[in-house]
Amino acid sequence: MEYGAAEQLIDEVRRKIENFERINFEEARSLYFLPLAELGMLADLRRKQIKSSAYGGKGAEIVTYIIDRNINYTNVCTTYCKFCAFYRTLKDPDHYVLSIEQIEEKIKELEAIGGVQILLQGGHHPALGIDYYLDLLFSIRKKFPHINIHGFSPPEFLHFSKIFRLPVEEIIKRFMEAGLGSIPGGGGEILVDSVRKKIAPLKCSSEEWLGVMRTAHRLGLKSSATMMFGHVEELEDRLEHLEKIRKLQDETRGFTAFICWTFQPENTKLKATKKGPSEYLRMQALARIFLDNIENIQSSWVTQGVEVGQIALYYGANDFGSVMMEENVVSSAGTTYRTTVKEIEEAITSSGFKPKRRNNWYQLLN
């Protein structure tokens with residue numbers, strides 16, 4: 001594209017953003033190459049546009065967070081993703097499956113700090129039957145009815161379908177009856193099959209991932225959407241991923257939030273150069289502008305650190321994510337950040353926003 005034409009395109013995209021209009025694939029691509037600060041200002045404008053009507057007209061000044069705990073019920077997995085440092089096989093001496101009693105002890109610890117949700121995910125265990133999951137869900141719902149179970153990503157449901165020999169829809173229905181409250185967006189990575197075959201050849205396809213989400217949304221379950229980038233994909237792959245998420249959201253309105261983070265390469269089989277904070281901020285800002293139908297964007301301080309998480313609030317994010325009382329997957333890849341409720345609220349306040357606790361559905365709790 002000639003220089004004059006490129007400038008004209010950028011001017012048109014700026015006009016669209018200012019008028020709260022949707023941008024397309026090529027326009028998003030052109031935005032990616034803007035100076036980072038300018039891209040951030042456009043993302044911040046989009047955040048204000050989307051959040052201005054929320055919370056009684058005060059959404060633009062509020063940054064939310066949740067108190068929850070990530071519980072990985074097993075580290076046994078048969079997909080052997082090249083980007084994962086967490087999984088183990090049944091032959092590894094440190095493989096595990098948590099008992100219901102162990103999981104309930106973790107929830108009691110979460111309760112003690114005012115937690116409202118668990119993020120329940122695991123590997124693709126080849127020998128756990130459906131009774132393990134149903135008994136676990138029933139028990140949690142009975143003993144902790146106020147704790148939302150945000151559990152089981154689309155690849156897990158597809159794995160369950162094979163192991164249990166049941167349709168995904170039937171499994172989701174039975175899990176909902178047992179106590180499942182919402183679904184995390186894990187296992188999305190990049191929703192382009194040529195990329196998925198390189199980094200996780202045994203994992204589900206992009207259409208299968210989207211299909212599970214479509215089914216869950218139709219059944220009344222809300223979910224989040226995610227993207228892990230900075231490995232073997234190209235910019236066009238990232239944009240295709242965002243386009244697929246936006247298209248499904250147009251159809252179902254089932255995604256509550258979008259979270260992206262950079263690949264953490266330590267201790268993994270996938271060799272890639274670790275991306276710095278500027279690449280993360282650039283991609284988050286672009287996602288905020290492009291995903292005009294997803295209300296909430298989470299700052300990924302768990303992979304970037306609290307300081308970058310604060311800066312992300314000026315690059316389109318309106319949510320600081322979770323206190324993350326427990327985290328095992330990212331930390332297995334050598335990235336370990338921890339924080340507290342007090343530190344999160346101080347980080348939000350010192351950035352010029354008002355901190356508010358929320359639940360999974362972004363309802364304010366204080």
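Student: Why are helix 3 and helix 11 called oblique to each other?

Tutor: Their axes cross at roughly 40°. Under 35 degrees counts as roughly parallel, over 145 as roughly antiparallel, 65 to 115 as roughly perpendicular, and the rest as oblique, so helix 3 and helix 11 are oblique. The axes (lines fitted to C-alpha atoms over the stretch in contact, with angles from 0 to 180 degrees between N-to-C directions) come within 8 Å. One caveat: the model is predicted, with pLDDT of at least 70 needed for local features and 80 or more for side-chain atom pairs, while totals for chains, interfaces and linings use all residues. Numbering starts from 1 along each chain as its sequence is written, and side-chain values use heavy atoms, without hydrogens or water.

Student: Which hand does the crossing of helix 3 and helix 11 have, and what makes the contact?

Tutor: The crossing is left-handed (near helix turned anticlockwise from the far one by less than a right angle; clockwise is right-handed). Contact (heavy atoms within 4.5 Å) involves residues including Leu 39, Ala 43 and Arg 46 of helix 3 and Leu 281, Ala 285 and Ile 289 of helix 11. By class there are eight nonpolar, one polar and four charged residues (Ala, Val, Leu, Ile, Met, Phe, Trp, Tyr, Cys and Pro are nonpolar; Asp, Glu, Lys and Arg charged; the others, Gly among them, polar).

Student: What makes helix 2 oblique to helix 10?

Tutor: Helix 2 (residues 25-32) and helix 10 (residues 235-252) have axes that cross at roughly 130° and come within 10 Å. That angle makes helix 2 oblique to helix 10. The crossing is right-handed. Phe 25 and Tyr 32 of helix 2 are among the contact residues, as are Leu 239 and Glu 243 of helix 10. The classes come out as five nonpolar, no polar and five charged.

Student: At what angle do helix 9 and helix 10 cross?

Tutor: The axes of helix 9 (residues 206-218) and helix 10 cross at roughly 25° and come within 11 Å. That makes helix 9 roughly parallel to helix 10. This crossing is right-handed. Among the residues that meet are Trp 209 and Met 213 in helix 9 and Ile 245 and Leu 248 in helix 10.

Student: Which helix gives the most to the lining of the largest pocket?

Tutor: Helix 6 (residues 154-164), with six residues. The lining has 13 residues, with Thr 79, His 124, His 159, Lys 162 and Leu 202 nearest the centre of the pocket. They divide into five nonpolar, five polar and three charged.

How values were computed: Helices (H or I, at least four residues) and strands (E, at least two) are DSSP runs, numbered from the N terminus. On a 1 Å grid over the protein atoms alone, a cavity is a set of points where a 1.4 Å probe fits but cannot get out, and a pocket is an open set with protein on both sides within 12 Å along at least five of seven lines; lining residues have an atom within 4 Å of a point.
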